[in-house]
Amino acid sequence: MVLKRKVKVGDEVEAKCGKCKKVTFHTIESMDGDEILKVVCKVCGARHKYRPPKRSKDKKKAEKRMAKKMEENETRWKEFVLEKDGESLKQYDISGVYEEGDLIEHFKFGKGYVLEIMGNKMIVVFKDGERKLIFNVKK
Ligand SMILES: [Zn+2]
């Protein structure tokens with residue numbers, strides 16, 4: 001979890017300056033709760049709305065996390081599908097009835113494993129991630 005550093009009026013923050021056309025240090029002039037409203041550029045003195053600098057590093061980290069999650073999901077999916085290999089594969093149909101542990105075949109998402117059932121919704125693990133599907137719906 002990323003903890004946001006608390007800032008207050010008068011603090012220095014990095015922000016995008018329209019005049020300098022780059023990220024510079026700014027002094028916070030006004031805030032609304034935790035949200036920075038106005039800042040003053042320390043380089044050119046321009047007073048403007050706070051524009052947070054682009055977080056390319058965080059973005060990359062998030063992408064990496066996503067990739068890892070996808071990989072973990074695929075590994076889990078493979079385990080489920082292999083474990084169930086040879087058992088009957090149920091075609092997914094909105095009016096069908098399924099149980100936890102069922103291996104289903106979805107017309108669009110492919111093979112999936114029923115992880116959890118909640119009423120007429122089920123969480124199915126597909127190769128590319130978990131999906132919530134409805135079932136047992138009378139047509
Ligand atoms: Zn500036």
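Start by selecting strand E5 (90-91) and strand E6 (residues 103-106): two bridges join them, and they run parallel. Strands here are DSSP runs of E, at least two residues long, numbered from the N terminus, and two strands pair if DSSP finds at least two bridges between them. Now click glutamine 91, which stands opposite glutamate 105 in E6.

A word on what you are viewing: this is a predicted model, where local features need pLDDT of at least 70, side-chain atom pairs count only at pLDDT 80 or more, and totals for chains, interfaces and linings use all residues. Residues are numbered from 1 along each chain as its sequence is written.

Next, select the whole open sheet, five strands in the order E5-E6-E7-E8-E9 with mixed pairing. Its edge strands are E5 and strand E9 (129-134), each pairing on one side only.

Now show the side chains of Trp77, Tyr113 and Phe126, which are among the ten residues of the largest nonpolar core. Such a core is a set of buried Ala, Val, Leu, Ile, Met, Phe, Trp, Tyr and Cys residues joined through C-beta atoms within 7 Å; buried means that 20 or more other C-beta atoms lie within 10 Å of a residue's own, with C-beta atoms placed from the backbone. E8 gives the most to this core, with four residues.

Finally, move to the other open sheet, with four strands in the order E1-E2-E3-E4 and antiparallel pairing. Strand E1 (12-17) and strand E4 (47-49) each have a single partner strand, so one side of each is left without a neighbour in the sheet. Zoom in on isoleucine 28, whose bridge partner in E3 is valine 39.

Key: A residue is buried if 20 or more other C-beta atoms lie within 10 Å of its own, exposed if 12 or fewer, and partly exposed in between; C-beta atoms are placed from the backbone.
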